[in-house]
Amino acid sequence: MTKDEKNGTSPDNDSTGLRHRCNFCGKPASKVKRLFAGYETFICNDCVNLCHDILISSPDLTEEAENYEPPKPQEIKKFLDQYVVGQEEAKKSVAVAVYNHYKRINALLERRRNKDAAPAEVELEKSNILLIGPTGTGKTLIARTLAKFLKVPFCIADATVLTEAGYVGEDVENILVRLYQAANYNPARTERGIVYIDELDKIARTSGNPSITRDVSGEGVQQGLLKILEGTISNIPPKGGRKHPEQSFVPIDTTNILFICGGAFEGLDKIVARRVGKKQVGFDAENLNISAKTPEILNFVEPTDLLEFGLIPELIGRLPVVVPLQPLDKTALFTILTEPKNALIKQYLRLFEMEGIKLTFATEALWEAVAMAEKKKTGARALRSIFEKAMLDLMFEIPSNENVEEIIITTDVITRTAPPKIIYRSKKRTA
């Protein structure tokens, strides 16, 4: 046996003088890198790679008959508490909505299996969720944390990149393509997934009146979202991109897909305050004493406020659960810094621990960072920006200095008026 035959390749000519070729594409052995021999047949490396790609990208059409038993609402909230600080009502609302959503799906599956069952006396409808609140309050974090905990396909889409079908940008149906890919190309699992649509407020139309001109990234996108939110059979291209007649499509039923939408809705507080203020006129009016600066102003949001903001009535009706998130106060910001599993301080401690260095933060320094973040009015996002700037020079220089034992971060480091206190190892310093 020749060396090539041991490696799975064969020469162009065998003992009978016949040329060895790939039985799939017909290429001779001299035109391919490797030619694998089987029983009276050959296959080249190119065809092997092609078959591998087909197996990976082809949809898994196996139907999952098992019910998905969701965690109890208290279990979901307990997991969210490890990452999301505050926002108790929002976490409860999301936990209940997710739990009820999958109980509803399980009930539908049971009815499909039991064909002799009597018609349902009560039909359970899907309750999509709308999270509203200032930037940096945890809307996207709640969605990402859910993705870690739930054993269902999950994807996050940004509404700002969506455009109406036929225009430059992403079609609304590309959201389902992402979920389909997250479900490992399994339509059955895709139809039981969860989608989070961020920045929904950015596709509001410019006025409360219906547009007579084309609004391809605003009202047009809202119209496109209507069907998939409510439930429809959507034919999606498995690999995404624009549709064309020659490609294959996968039908996805969105009836049992839970949609969670989120947005800052900047200016909605003024709309709510103006409406509530009108109600206070008259002898029987309640003295609510509410203004746009009231922290709990979004608790009073009604569908008419969202309509005035720029959402179309049909879309508002498909998002029946409206969950407001409250602005973060100083105590909440301090807790975000120190307590969650993904707390920023814990991340820095771990990074320096990997360098063999003890990192210490003075309490006063943390409170100074909280005060600076509160002035920026961007919620928890401001904290990372502050610490990244304060720690940049330190993280650049310290890995090259093996003589450092401990670093103490003071208030002056956060305000960038003085360097940190550095304690060196005594042994190496005297050597």
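Colleague: How many helices and strands does the secondary structure of the protein chain come to?

Modeller: The chain comes to 17 helices and twelve strands. Keep in mind that this is a predicted model.

Colleague: How much of the chain counts as buried?

Modeller: Of the 431 residues, 41% count as buried. As for contacts with a separation of 6 or more, 67% of them join residues 24 or more positions apart.

Colleague: Let's take helix pairs. What makes α13 and α15 roughly parallel?

Modeller: Start with the angle. Helix α13 (residues 344–353) packs on helix α15 (residues 381–397) at about 20°. Angles under 35 degrees count as roughly parallel. Therefore α13 and α15 are roughly parallel to each other. Their axes are 11 Å apart, and the crossing is right-handed.

Colleague: Which residues make that contact?

Modeller: From α13 come Leu344, Ile345, Gln347, Tyr348, Leu351 and Phe352. From α15 come Leu383, Arg384, Phe387, Glu388, Met391, Leu394 and Met395. By class, that contact has ten nonpolar residues, one polar and two charged.

Colleague: Which residues of α12 and α14 meet?

Modeller: Lys330, Leu333, Phe334, Leu337 and Thr338 sit on the α12 side. They meet Thr363, Leu366, Trp367, Val370, Ala373 and Glu374 of α14. By class, the contact has seven nonpolar, two polar and two charged residues.

Colleague: Leu333 is in that list. How do you know whether Leu333 is buried or exposed?

Modeller: Leu333, in helix α12 (residues 330–338), has 2% relative accessibility. Buried means under 20%. So Leu333 counts as buried.

Colleague: What is Leu333 in contact with, leaving aside its neighbours within four places in sequence?

Modeller: Its contacts beyond four places are Leu328, Val370, Ala373, Glu374, Gly379, Ala380 and Leu383. Take Ala380. It lies 47 residues from Leu333 along the chain, yet their C-alpha atoms are separated by 6.5 Å.

Colleague: Next, charged side chains. Why does Lys77 count as buried?

Modeller: Lys77 is found in helix α3 (residues 73–81). Its relative accessibility is 16%. The cut-off for buried is under 20%, so Lys77 counts as buried. Setting aside neighbours within four places, Lys77 is in contact with Glu88, Lys91, Lys92 and Ala95.

Colleague: Which residues have the most contacts inside the largest nonpolar core?

Modeller: They are Ile197, Leu200, Leu225, Phe265 and Leu268, in a core of 45 residues. Ile197 is in contact with Ala157, Ala159, Ile175, Leu225, Phe259, Ile260, Cys261 and Gly262, leaving aside neighbours within four places. A second, separate core has 32 residues, including Ala373, Met391, Ile398 and Ile407. In soluble globular proteins, nonpolar side chains tend to be buried together.

Colleague: Finally, backbone angles. What makes the phi of Glu40 worth a look?

Modeller: Phi of Glu40 is near 55°, a positive value in a residue other than glycine. Most residues other than glycine have a negative phi. Glu40 is in the loop between β1 (35–37) and β2 (42–44).

Colleague: Why does Glu40 count as exposed?

Modeller: Its relative accessibility is 68%. Exposed means over 50%, so Glu40 counts as exposed.

Definitions and conventions
Residues are numbered from 1 along each chain as its sequence is written. This is a predicted model: local features need pLDDT of at least 70, side-chain atom pairs count only at pLDDT 80 or more; totals for chains, interfaces and linings use all residues. Side-chain values use heavy atoms; hydrogens and water are left out. Axes are lines fitted to C-alpha atoms, for helices over the stretch in contact, and angles run from 0 to 180 degrees between N-to-C directions. Helices (H or I, at least four residues) and strands (E, at least two) are DSSP runs, numbered from the N terminus. Angles under 35 degrees count as roughly parallel, over 145 as roughly antiparallel, 65 to 115 as roughly perpendicular and the rest as oblique. A crossing is left-handed if the near helix is turned anticlockwise from the far one by less than a right angle, and right-handed if clockwise. Contact means heavy atoms within 4.5 Å. Ala, Val, Leu, Ile, Met, Phe, Trp, Tyr, Cys and Pro count as nonpolar, Asp, Glu, Lys and Arg as charged, and the others, Gly among them, as polar. Buried means under 20% relative accessible area, exposed over 50%, partly exposed in between (1.4 Å probe, protein chains only). A nonpolar core is a set of buried Ala, Val, Leu, Ile, Met, Phe, Trp, Tyr and Cys residues joined through side-chain atoms within 4.5 Å.
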